[in-house]
Amino acid sequence: MEAKLKEALPVLRRLAEAGYQAWFVGGCVRDALLGRPVGDVDIATSARPEAVMALFPKHAPTGIRHGTVTVFLDGRAYEVTTFRTESAYEDFRRPAEVAFVDDIRDDLGRRDFTVNAMAMDAEGRLMDPFGGRADLERGVIRCVGDPDERFREDALRMVRAVRFAAELGFRLAPSTWRALRRNAGLLRHIATERIGAELDKMVLGSDPDRAVRLFVRSGLWRETKAPLEAPGEPACADGMRLGALEAGDRRWIALWAASNVPRDSAKRWMSGFAYGKRRLDGIFGPLDLHAEASGMPDSREAWAELALRHGRKASEDWLAVMRAFPALSPVPPDTIGRWADWLEAMPAFTAAELELDGRTLAAAAGRRPGPWIRRTMDRLLRETAAGRLPNERRALLERALELAEDERDGKDGT
Ligand code: ATP
Ligand code: MG
């Protein structure tokens, strides 16, 4: 048995000893059978949530209304969910009601795809009423039951179908694919955070390129609650593989840099998924830099200014993306290489990182602090960034006094 499942056996045993049925279910069974790394180990049981909580003193009632209790054992967390069916789906979304049942088969029947609708017991025996194992072997994502009905119950399943197909390298069963195309418009009823979470798993998953292609080809792309209003499509040119980048937001940066979607539309579309301002800034900052870099003179000063304006992380992310995909870059690869060296040599990105502070400067200059301090510090920052001045206290102070002196001789009379 797969290692993570083995570790979780004490949970199944404790439930069994108390007279309940207990199974591994869903993704962990699928991944164990495929020989892929198992993520979360989910457990389904005939025990009601109160009984589960009584058996596992360390627990958190994470989804108690839907029958889910998180139990902690040997430093690990498991979601233990009472066998249930779902009913009264409203507005093409998650069910309004769940009902607890006594048969694992009924629980498996509510699940989305055959490969996700298998259960395994403590002896490794498989419960597979919908042919999940055969679909795993054939490499097929197929809805449990009638696909039109299943997508109408919960339209997010369409996005999940695309995600699992890309992640596992599977095809969609023809009937599932046709139903998906027919029902794509229902995605508008789905909460944007849920779509956002799935999208992230696609772009950060094992085959982001196929995921994006399927998402666009299925039509789902244009059917989210906050639709992409601009023309164009998120797409990479042939031969460019997002998957060549480590899983992370650089993939999002590369995708938008490669696409013909205007930046503002892309940003508005992504903000619809509740990714948070910080994260969006981390993606669109480098894209702003990207726009500004084209047509910029190839000088150390110009690059240092650009890098200072956007910060270390955005600059590094942008360079990494340009390095991975030179075809996207507004400048040739050797320029990118030089800019990377210059970036690495930049000692400070904010005045606070300089080895000189405003108070020391004011005291040394024998002047009252004022706007001149900021101006001087900014200048020092730019000069260190361009490699013309080391970030050392003495050198900085000397140069600062010189600058302050120039300023005093000039029009500034403070
Ligand atoms: P992953 O490795 O991506 O977590 P997973 O199969 O564990 O894959 P989850 O989203 O964690 O996916 O869901 C756990 C299980 O719950 C699924 O395997 C599936 O059986 C069921 N499930 C999840 N979401 C739905 C849904 N929208 N409709 C029906 N069943 C679902
Ligand atoms: Mg999971």
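Predicted model: local features only at pLDDT ≥ 70, side-chain atom pairs only at ≥ 80, totals over all residues.
1. Domain 1 (1–131) and domain 2 (139–223) each provide at least three residues of the shell around ligand 1.

2. Of the 13 residues around the ligand, the ones that come nearest are Arg-30, Asp-154, Arg-157, Arg-160 and Arg-163.

3. Now for individual atom pairs. The side chain of Arg-163 has an N or O atom 2.7 Å from an oxygen of ligand 1, and for the side chain of Arg-111 the corresponding distance to a ligand oxygen is 3.1 Å. Asp-112 uses its backbone instead, with an N or O atom 3.2 Å from a nitrogen of the ligand. As for cover, ligand 1 exposes 590 Å² when taken alone, and the protein buries 76% of that.

4. Have a look at Glu-153 too, in helix 6 (residues 147–153). Its side chain makes a polar contact of 2.7 Å with that of Arg-157, which is also among the residues that come nearest to ligand 1. A second polar contact, at 2.9 Å, links the side chains of Glu-153 and Arg-150. Glu-153 counts as buried because its relative accessibility is 17%, and the cut-off is under 20%.

Methods
Residues numbered from 1 in each chain as written. Chains lettered and ligands numbered in written order. Heavy atoms only, no water. Helix = DSSP H or I, 4+ residues; strand = E, 2+ residues; numbered from the N terminus. Buried < 20%, exposed > 50% of the residue type's maximum accessible area, 1.4 Å probe, protein only. Polar contact = N/O pair within 3.5 Å; in protein donor to acceptor, adjacent residues only side chain to side chain. Near = heavy atom within 4 Å. Areas by Shrake-Rupley, 256 points an atom, 1.4 Å probe, with all protein chains shown as cover. Domains from an automatic or database assignment.
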